[in-house]
Amino acid sequence: MNVIISGTLRKFGSATLVQLWILPVITAPKVQLCTLPTEPVVAAKKPFKVELVEGKRYSWCSCGHSLKQPFCDGSHKTKTKGLMPLRFVPEKDSKAWLCGCKYTANPPYCDGTHKQEFIQSALLLENKD
Ligand code: FES
């Protein structure tokens with residue numbers, strides 16, 4: 001709680017009386033209002049076929065805002081709240097289908113969720129800035 005101290009000066013002969021009031025000030029708790037979404041946007045309605053290199057570090061975009069799909073470009077920092085890329089290192093060279101809809105239950109890999117109606121009817125984010 002904040003406190004305001006204010007007062008007045010009163011003259012009594014040669015003495016000065018100082019009256020002080022201590023007033024509690026009720027302030028609203030500091031709440032950070034955030035309007036950033038906590039759910040991913042559908043980046044694509046199908047998976048991305050990629051060739052993964054053994055030992056290389058990858059960051060799979062989980063928010064759907066990256067312009068470097070299916071990988072992260074840092075967009076999650078300004079376009080979402082709480083969504084982070086999934087970092088992984090393949091144990092061998094391989095081809096893989098990485099999720100583009102961002103709703104897979106087996107990230108970063110496609111599990112077929114993109115075939116569901118809520119993905120197929122979703123609007124794709126076209127106004128990427
Ligand atoms: S693209 Fe997301 S589950 Fe297939």
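With a disulfide taken as a pair of cysteine sulfur atoms within 2.5 Å, the count comes to zero disulfides. The model is a predicted one, in which local features need pLDDT of at least 70 and side-chain atom pairs count only at pLDDT 80 or more, while totals for chains, interfaces and linings use all residues. Residues are numbered from 1 along each chain as its sequence is written, and side-chain values use heavy atoms, with hydrogens and water left out. In terms of relative accessible area (buried under 20%, exposed over 50%, partly exposed in between; 1.4 Å probe, protein chains only), Cys63 counts as buried at 3%, whereas Cys110 counts as partly exposed at 25%.

Four aromatic pairs are present in the structure, where rings of Phe, Tyr and Trp (its six-membered ring) pair if their centres lie within 6.5 Å, and planes under 30 degrees apart count as stacked, over 60 as edge-to-face and the rest as tilted. One of them joins Tyr103 and Phe118 in an edge-to-face arrangement, at 5.4 Å centre to centre and with 90° between the planes. This pair links distant parts of the chain, 15 residues apart, with Tyr103 in the loop between strand S6 (94-98) and helix H2 (117-120), and Phe118 in helix H2; helices (H or I, at least four residues) and strands (E, at least two) are DSSP runs, numbered from the N terminus. Tyr103, at 28% relative accessibility, counts as partly exposed, and Phe118, at 41%, counts as partly exposed. Tyr58, Phe71, Phe88 and Tyr109 form one aromatic cluster.

Thr104 is also located in the loop between S6 and H2, and its relative accessibility of 11% places Thr104 among buried residues. With a polar contact taken as a pair of N or O atoms within 3.5 Å (within protein, one must be able to donate a hydrogen and the other to accept it, and residues adjacent in sequence count only if both atoms are side-chain atoms), the side chain of Thr104 reaches the backbone oxygen of Tyr109 at 2.7 Å and the side chain of Asp111 at 3.3 Å.
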